[in-house]
Amino acid sequence: MSAPLQIAIAFASVAILLGLMAVVKRLATAHDISSEVQRKLVHVGTGFYALTLPWLFTDDWPVYMLVVLTLVVMAILRLPAFAKGGIGETLHGVERQSYGDILLAIAVGMVFLLADGIAILYILPIATLTLADAAAALTGSRYGRKFFTVEDGQKSIEGSTAFFMITLVIAMVCLLLLSDVSRPNVILLAAMVAAFGTLVEADSWRGFDNFFLPAGLLVFLAMHMDSSWQELMALMAMFVAAIVIFLRLAPQFGMTKHTARVYIIAAFLLISVTAFQNTILPLLVFVIHAIANRTNPCKATHPALDIVAAVALASFGWLAVGLVAEANALMFYGLMSVGLCVGLVAVAVGQFAIWIRVGVATALGLVLFGLYRLLMQYNPDFVQWPGDMTSMAVLAVGLMVIACGLRPAFFDSHRAAKLTLLALVVPGLGYGIKVIGA
């Protein structure tokens with residue numbers, strides 16, 4: 001297929017999406033369809049179309065082009081002129097704040113990239129997001145009687161049950177038709193996929209399930225599809241035990257049960273996707289954030305959830321960048337985590353004098369510098385300790401000490417997002433220089 005034809009199909013795909021929204025808007029007006037049902041109709045239509053992408057294009061780049069075009073359109077539809085009264089109302093008619101439309105487009109591109117042509121790693125996550133997520137929302141809104149509380153409101157046991165059952169069927173069909181997994185493992189793995197997916201969907205907020213659900217399922221499948229049934233059973237037992245133990249300890253750290261479950265999911269994904277030494281620093285971010293938010297609370301409504309979202313999105317971002325650039329990004333990912341820890345500590349002591357803030361942050365920076373150096377040496381692909389990384393680590397720590405130590409009040413709002421973006425500056429530039437230099 002020629003490049004011009006693929007470009008034309010990409011633009012036509014966006015037109016089809018807009019046409020779908022226009023049809024849903026017209027049907028909603030004629031038949032008094034609720035805002036939630038409108039969103040899910042667009043969601044299902046978009047998901048089904050996304051399932052065709054590996055066969056719709058002969059090259060990968062038009063898929064990423066389509067994702068970018070969709071993101072631009074989604075951003076435009078968020079403008080008041082379109083979001084209220086226009087076709088954008090099919091997505092933004094609900095009262096709660098949601099980034100689901102943006103995250104869905106990003107998720108399709110991310111899963112397409114990480115699947116790397118392996119059909120089951122793309123189809124199962126996108127099919128689950130398309131069908132099970134919509135079924136859970138519609139079942140819960142119509143038949144929900146028993147509810148549990150999350151930070152965004154309530155979700156229903158009935159909706160989560162529908163999600164589990166549909167995901168179980170999807171997983172079994174995909175594993176039987178698209179993989180060589182043994183029959184006993186199909187049942188066990190499908191049950192674990194359904195259980196894990198249900199937990200992710202139930203505990204997501206602001207539409208983040210549109211990203212974390214397919215990305216999380218892809219990571220889980222990629223890491224455990226070839227595991228033995230004994231390994232899968234041990235993994236399941238460990239995950240259940242972690243949930244039980246952490247839920248009991250959560251109140252001592254001032255966390256809700258919802259936040260505790262989200263932390264466990266994030267930790268589980270981190271441990272699943274990389275070696276243990278590369279998970280210590282990101283997990284340390286969560287610990288220091290919990291301490292910082294108790295000593296110097298920020299103005300965010302759900303700060304613990306915000307830091308999980310920021311770290312998770314950054315983690316998947318580094319994973320994708322490493323695959324695209326074909327250059328290992330783990331050392332730079334670890335450096336970002338060091339910067340986040342230093343920034344959080346500087347903010348945590350924000351009520352003290354400037355020399356205390358800078359001193360404490362600098363001291364922690366030195367400690368983490370040593371820990372970072374020790375951990376990175378266990379990654380076999382890295383040079384033992386290159387001098388340029390030492391300089392970069394000093395710059396990264398110094399930037400966070402200066403910015404957060406001098407102006408801690410700046411991080412009282414949108415703390416997680418601001419600190420994460422700041423912590424990405426030096427590692428991002430360093431990684432870019434490394435890739436270009438190579």
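Modeller: Angles between axes under 35 degrees count as roughly parallel, over 145 as roughly antiparallel, 65 to 115 as roughly perpendicular and the rest as oblique. This is a predicted model, where local features need pLDDT of at least 70 and side-chain atom pairs pLDDT 80 or more, while totals for chains, interfaces and linings use all residues. Residues are numbered from 1 along each chain as its sequence is written, and side-chain values use heavy atoms, with hydrogens and water left out.

Colleague: How many helices and strands are in the protein?

Modeller: The protein has 19 helices and two strands (DSSP runs numbered from the N terminus: H or I of at least four residues, E of at least two). As for burial, 53% of its 438 residues count as buried (under 20% relative accessible area, with exposed over 50% and partly exposed in between, 1.4 Å probe, protein chains only).

Colleague: What share of the contacts joins residues 24 or more positions apart?

Modeller: Among contacts with a separation of 6 or more, that share is 74% (contact: heavy atoms within 4.5 Å).

Colleague: Let's zoom in on H4. What length does H4 reach from its first C-alpha to its last?

Modeller: H4 covers residues 61-77, so 17 residues, and reaches 24 Å, close to the expected 24 Å (1.5 Å times one less than the number of residues). Its buried residues include Pro-62, Leu-66, Leu-69, Val-73 and Leu-77.

Colleague: And how do I read its packing on H7?

Modeller: Two packed helices are described by the angle and the distance between their axes. Here the axes of H4 and H7 (residues 100-115) come within 9 Å and cross at roughly 170° (lines fitted to C-alpha atoms over the stretch in contact, angles from 0 to 180 degrees between N-to-C directions). H4 and H7 are therefore roughly antiparallel.

Colleague: Which residues of H4 meet H7?

Modeller: Val-63, Tyr-64, Val-67, Thr-70, Leu-71, Met-74 and Ala-75 do, and their partners in H7 include Ile-102, Ile-106, Gly-109 and Phe-112.

Colleague: Are Asp-116 and His-414 buried or exposed?

Modeller: Asp-116 is exposed, at 65% relative accessible area, and His-414 is exposed at 59%.
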